[in-house]
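Hi everyone, thanks for coming. I'd like to walk you through one structure today, going through its charged pairs and a few other details. Let me put it on the screen.

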Amino acid sequence: MEVLAKRFYPEREIDLSDVADREFGVGSCRQEVEINNDVNGDDVGAVLKKMKPWKALGPDRIPNGLLKTLGKPLRERLAGVVEASLKRGYYPKVFRSARTVVLPKDKTEIDLPGSWRPIALLRTIGKTVEAIVAKRLTEAVERTGRLPEEQMGNRKGRSYEDALKVITELIGTAFDVNRPVSMLALDISGAFDAVNHIRLLDVLRKKGLPY
């Protein structure tokens, strides 16, 4: 397990010399972007509707199907939890833990750490909170133009086809004026697991978003 832990969660040296202020306490955010903090049962219901009912269980051992079955009374109470989390800028500690399972990749050399992949199973209610918060943040940054126009990934109404179209048009423009064309493509492995929290909080602060 120790070998797998080092493979999945390696310690990386991060250059944070440009981040002078590393204190991110309550009230230290100069929020410029307004987030819709009002949440109702319909918002929770929309999230639960998209969840598969019997996925693998997290630490709370509560399946998504149970939340769906409990109906309106639970949705309204969950809405209160999400709304309080948004308004107070606090994510309950009980939702921050996960149960990690390790699954083999489609490889024959199972004795190598790289032949396995970790799956983090989160608490069901916590995933509901995260989904609504992510939706509200997405709406806010799209509304205020906080994202680069060239960003295509994970944006509504954009796809890899749009990205290819942009690249094709840029190449065509360069050819029209007799300019050489080159393109650098990067396959970043494990980028999500390597995100530095201080760097992420600093980006949110610079964008005027709450953290």
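Which residue does the side chain of Asp 43 meet in a salt bridge? Before I answer, please keep in mind that this is a predicted model. The partner is Arg 136, with N and O 3.1 Å apart. Asp 43 sits in helix H2 and Arg 136 in helix H5, which covers residues 124-144, so this pair ties together parts that are 93 residues apart in sequence. How do the two partners stand towards the surface? Asp 43 is partly exposed, at 24% relative accessible area, while Arg 136 is buried, at 7%.

Now for the next pair. Asp 21 forms a salt bridge with Arg 205, and their closest N and O atoms are 3.3 Å apart. Asp 21 belongs to the loop between helix H1 (2-8) and helix H2 (41-50), whereas Arg 205 is part of helix H7, so here the parts tied together are 184 residues apart in sequence. Asp 21 has a relative accessible area of 38%, which makes it partly exposed. Arg 205 counts as buried, with 10% relative accessibility.

Let's go back to Arg 205 for a moment. A network of salt bridges links Asp 21, Asp 202, Arg 205 and Lys 206. If you're wondering about the total for the model, the count comes to 13 salt bridges.

After the helix comes Gly 208, with a positive phi near 75°.

How many cavities of 30 Å³ or more does the structure hold? The answer is 1, and the volume of the largest cavity is about 30 Å³. Its lining includes Lys 55, Ala 56, Leu 57 and Gly 58, along with Ile 62, Pro 63 and Asn 64, and also Thr 124 and Lys 127. Sorted by class, the lining of the largest cavity has 4 nonpolar, 3 polar and 2 charged residues.

Notes
Residues numbered from 1 in each chain as written. Predicted model: local features only at pLDDT ≥ 70, side-chain atom pairs only at ≥ 80, totals over all residues. Heavy atoms only, no water. Helix = DSSP H or I, 4+ residues; strand = E, 2+ residues; numbered from the N terminus. Salt bridge = Lys/Arg side-chain N within 4 Å of Asp/Glu carboxyl O. Buried < 20%, exposed > 50% of the residue type's maximum accessible area, 1.4 Å probe, protein only. 1 Å grid on protein atoms, 1.4 Å probe; cavity = no way out; pocket = protein on both sides within 12 Å on 5 of 7 lines; lining within 4 Å. Points joined across faces, edges and corners; volume = space filled by probe spheres on them. Nonpolar A, V, L, I, M, F, W, Y, C, P; charged D, E, K, R; others polar.
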